[in-house]
Amino acid sequence: MKRRRLTADDQSAAKKPETGTAGGWVTVSSGALANLSTILRWGAWLLLVLGVFLSTTAHLRLSAEAPRTAQPPAKATPASGEAVGPGGFAVLYVAAYLEAGRGTEAALARYFPNMRNITLEAKSGAQHAEQLAAVQVEHVSTGYWSVTVAGRITGTPSAEEEADEKQDKSEPDQAGTLRYFQVPVRAAADTDGYVATALPAEVGAPETGDGVELNYGAPVPGDDKDETAATVARFFSAYLAGAGELDRYLAPRTDLRPVSPAPYTQVEVAQLAELGGDYRRNLPASDGARRQLLVDLWAAAPDRQLRPLTYALTLTARDGRWEIAALNAAPDLTTPKEQ
């Protein structure tokens with residue numbers, strides 16, 4: 001690397017010492033040092049006082065706010081185990097029981113442990129269970145239930161029975177008879193499962209309940225000249241038959257989707273009834289007004305068969321017209337009068 005030669009000006013500048021320097025260091029007088037020390041000391045005190053002030057202010061602000069308590073996470077509420085758990089177990093048990101036979105006893109032991117000591121005589125698969133459902137669950141004691149299971153039972157006909165059926169077609173087919181089985185179910189110890197305490201017992205059909213009364217006025221026939229009935233008809237045509245846009249009949253913030261694929265080709269309103277009153281009052285569609293209706297429909301399926309359907313609806317009024325606000329979960333019941 002080549003070094004640059006110092007010029008005369010450079011040499012002259014190097015010989016001149018800078019004002020207030022000694023050996024290349026800047027020199028400061030003792031008075032300036034004293035002043036600097038004082039400034040630093042007062043600065044430290046100022047920072048200390050400012051820190052205390054800010055801390056106190058923050059504490060007072062937090063104290064003035066309403067205390068907030070942490071909310072525990074919401075716990076999921078399961079479906080009633082009093083019915084769902086024992087009922088579902090009983091349905092599986094009865095299904096296995098009906099199709100079991102000689103040599104398949106072990107298939108039932110998972111439901112009824114004492115099955116290991118029992119030998120079946122019927123042929124396995126001689127009958128089949130269809131459309132099984134728990135129709136009644138009775139609580140016997142803590143962790144113990146009696147479940148009634150209904151099922152449509154079909155049997156495998158023998159060659160002789162098949163020949164008889166071919167000769168005589170006038171007799172009604174008895175296959176698929178609805179039968180009922182009562183099953184004792186106990187909660188399994190130290191587990192979340194269940195066990196049966198005995199084999200199923202075939203019983204008669206449970207008694208049917210009395211008829212119910214709905215809290216709606218006298219129904220009136222559907223009429224296209226009635227704007228409310230016409231709106232309801234167009235709504236269900238879009239909802240069930242895919243005819244037109246569903247959203248145009250919905251109130252704001254109502255989230256409904258059409259049934260897809262559309263199960264019907266045409267829908268007609270048979271009759272309507274008003275909750276707790278007379279439908280013929282024809283309430284004015286003033287903004288915010290609400291109506292609860294019970295609607296009976298005739299729906300034409302692709303096979304041209306008419307199917308009756310019933311819906312409970314909530315309507316709200318907006319801009320002089322009625323809109324669908326909700327499909328209610330169930331019709332409103334009449335409240336029993338106190339004796």
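Helices (H or I, at least four residues) and strands (E, at least two) are DSSP runs, numbered from the N terminus. On that count, the chain comes to six helices and twelve strands. Everything here rests on a predicted model, where local features need pLDDT of at least 70, side-chain atom pairs count only at pLDDT 80 or more, and totals for chains, interfaces and linings use all residues. Residues are numbered from 1 along each chain as its sequence is written, and side-chain values use heavy atoms, with hydrogens and water left out.

Gly193 is a handy place to start, sitting in the loop between S5 and S6. This glycine is partly exposed, at a relative accessible area of 28%; the label covers whatever falls between buried (under 20%) and exposed (over 50%), using a 1.4 Å probe and protein chains only. Not counting residues up to four places away in sequence, Gly193 touches Ala187 and Ala188, where contact means heavy atoms within 4.5 Å. Gly193 and Phe89 are 104 residues apart in sequence, yet their C-alpha atoms are 8.6 Å apart in space.

Next come the partners of S5 (two strands pair if DSSP finds at least two bridges between them). S5 and strand S6 (residues 194-196) pair in the antiparallel sense over three bridges, with Arg186 opposite Val195 in S6. Strand S7 (residues 201-203) also pairs with S5 in the antiparallel sense, over three bridges, and there Gln182 has Ala201 as its bridge partner. Strand S4 (residues 144-155) runs antiparallel to S5 and is joined to it by ten bridges; Ser146 stands opposite Pro184 in S5.

Now for the rings. Those of Phe, Tyr and Trp (its six-membered ring) pair if their centres lie within 6.5 Å; planes under 30 degrees apart count as stacked, over 60 as edge-to-face and the rest as tilted. By this rule the count comes to nine aromatic pairs. Take Tyr97 and Phe181: their ring centres are 6.3 Å apart and their planes lie at 70 degrees, so this pair is edge-to-face. Because Tyr97 belongs to helix H3 (residues 84-99) and Phe181 to strand S5 (residues 177-187), the pair ties together parts that are 84 residues apart in sequence. Tyr97 is partly exposed, with a relative accessible area of 25%, whereas Phe181 is buried, at 2%. Ring pairs also link Phe89, Tyr93, Tyr111, Trp145 and Tyr194 into a cluster.

What about the inside of the chain? Of its 339 residues, 25% count as buried. A nonpolar core is a set of buried Ala, Val, Leu, Ile, Met, Phe, Trp, Tyr and Cys residues joined through side-chain atoms within 4.5 Å. The largest has 30 residues, and those with the most contacts inside it are Val232, Phe235, Phe236 and Val295. Helix H6 (227-241), strand S9 (266-274), strand S10 (290-300), strand S11 (306-318) and strand S12 (321-327) each supply at least two residues of this core, and the largest share, nine residues, comes from H6. Leaving aside neighbours within four places in sequence, Val232 is in contact with Val269, Leu272, Leu293, Val295, Leu313 and Leu315. A second, separate core of 22 residues includes Phe89, Leu108, Phe112 and Val185.
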